[in-house]
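This report describes parts of the structure shown below, beginning with a pair of helices and then turning to a chain and its contact with a neighbour.

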Amino acid sequence: MMSYVKSGDKYIAKGAEGLDAVAVENGAEGPDEIPLDRRLVLTVERAEVAEKLKEKCEVLDVLDFGGEAFVVLAPGPQSVKAAFSTPGVRRVDVERVYRLYESER
Amino acid sequence: MRASAKYYIIYGGFTPVMRVSTGLNDRAALTALEMMGLDVLVRESINVVDVYGEWGLVVAQMEEREYRKLLSMGLRAEPEREYRLVGANAEPPWNLAMIGWSRDLPYTGRGVTIAVVDSGVDPRACGLDGKVVYAKSFVPGEGPEDLHGHGTAVAYVAAGADDRYGGVARDAKVANLKAFFKDGTSLDHIILRALYEALNLDVEVVNMSFGGPGGPDAPVSRAANMLMARGKLPVAAAGNEGPRRGTVGAPAAGEFVVAVGAVNKRKKVADYSSRGPVDGLIKPDLVAPGGDRWGFVVSARPRDMPPIGPPVDDCYMGVAGTSFAAPHVSGAAALLYEATKSIAAARDAILNTAEDLGEPKEAQGRGLLRIDRALGQTRELHRGTEAVLLLGLIGLAAFPLLGILSAATREAKIERLKALYRTGQITYTQLYLLYQRGEITLEELSRILR
């Protein structure tokens, strides 16, 4: 099982060298708490980082907004491991649920 | 014929010949005019459009001086009158009147497209006929049709074109980017795809009447921010989680996203309207009519669907929420973009002219949207071209500023810009232009605005 090193609010996979620290957001205290049935939304320093991720897990989407690039990973432990052990990953978000601000009925 | 020429009705004698002419070249029309005793129109070279002999009426297009000359010659004539469909409201509905909208505004959103990231838009709904120029679904297994009702109502408030109630930008078009399931929920990966589509589409405004947990750093907030960098104004509902403080979520929390709270019919910030601040940012940015159960906003309902609010009739329903406040601002942005051809100028005009309602900043932001004031401000800007605008803004403020700071460290420069922005000595537009020119990075711009 992968273990992680914490520095401040950042986490990286233990033993992984030369990594950018990545943060866990949206409720999870750390990588070990990421629910395995949720997609991950990664912020990456450039869209090419997705190529490295594809070698380790299932990449669902690569969206380069020009200044911000996001990679969406399928749910599962391989994705969590890949997110915290791939250079160029800046941030990891557990996928959120959004709601229409519905009318008062 | 000059553009100032208007239509007039001229009264003459009755003739048994009913004739509708297309101009004075028509021999029968000339005869009819003589029989009506209106051959003077020929001598005066008046542009006769139609001759109705049996009714004793002539329609002519002319300048006011020509009209006055005919009056001085003893003819009975009058400017044509304005008529409305029976059932159409002579006055705009409360929500449009409150923000200074009127039929006399010089801009209607012509040539502007508003992307609606929502539950879909029904192009058959009242007021939306011919509006939806693009439709795509990002919801797995579903087409772009609106199976919820929310998106159709949002699109109508922004751009609905009928006279019964109507929306803000009646000549604007709509791009339907469906991103919500019929139960009114969605997920990051679906919304990101829809925003990515908006980024690459020919649209000027992106309306997002939804929200989820997260602040300015949430992926959807940051993706929405990037729309601004590509010349598309992101507008989001602040949320319906009020009156607790700190309840504005993503994507409204994005620095460049215009977050819109709601006021009710009494011009008070609605209890349900989410409150700021968010990570030191003043949110919402402003408020617009969202109504409440004591005074709904009337909007269109999709065909063949139950209404999501109190039904008015087969076409309309009452709705309330910041979801419906946001498209007021999106529609206003369409008008302002038509006027200025600049999203940054449109954004500044909207924010700088908001009416202070005297409520706390975390409830009202800058205040209530006022389209009349915003268009009044841009009229000055509109005198020049966009290039002149840029030169004016940069030349008068930013160049001397950068000159002074050129020897300072980058960090000091950012701190200085931050102080200038907070004290109102430099505007959002000026900062945005610095970003566009590569003088500051997006991250630095974010820091300055916080």
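## A helix crossing in chain B

In this predicted model, α5(B) and α8(B) cross in a right-handed manner. Their axes approach to within 7 Å, and the crossing angle is roughly 35°; helix α5 of chain B covers residues 150-159.

On the α5(B) side the contact involves His150(B), Ala153(B), Val154(B), Val157(B), Ala158(B) and Ala159(B), which meet Ser323(B), Phe324(B), Pro327(B), His328(B), Ser330(B) and Gly331(B) of α8(B). Seven of the residues in this contact are nonpolar and five are polar, while no charged residue takes part.

## Chain B as a whole

Chain B contains 15 helices and 15 strands, and 52% of its 450 residues count as buried. Among the contacts in chain B with a separation of 6 or more, 74% are between residues 24 or more positions apart.

## The contact between chains A and B

Chain B contributes 40 residues to the contact and chain A contributes 25 residues. On the side of chain B that touches chain A, at least two residues come from each of β8 (185-187), α6 (188-200), β10 (210-211), α7 (219-229) and α8 (322-340). The most is given by α6(B), with seven residues, and the residues of this side of chain B comprise 18 nonpolar, 16 polar and six charged.

Within β8(B), Ser186(B) is the bridge partner of Tyr98(A).

Key: Residues numbered from 1 in each chain as written. Chains lettered and ligands numbered in written order. Predicted model: local features only at pLDDT ≥ 70, side-chain atom pairs only at ≥ 80, totals over all residues. Contact = placed C-beta atoms within 7 Å. Helix = DSSP H or I, 4+ residues; strand = E, 2+ residues; numbered from the N terminus. Nonpolar A, V, L, I, M, F, W, Y, C, P; charged D, E, K, R; others polar. Pairing = 2+ DSSP bridges. Buried ≥ 20, exposed ≤ 12 C-beta atoms within 10 Å, placed from the backbone. Axes fitted to C-alpha atoms, helices over the stretch in contact; angles between N-to-C directions. Left-handed = near helix turned anticlockwise from the far one by under 90°.
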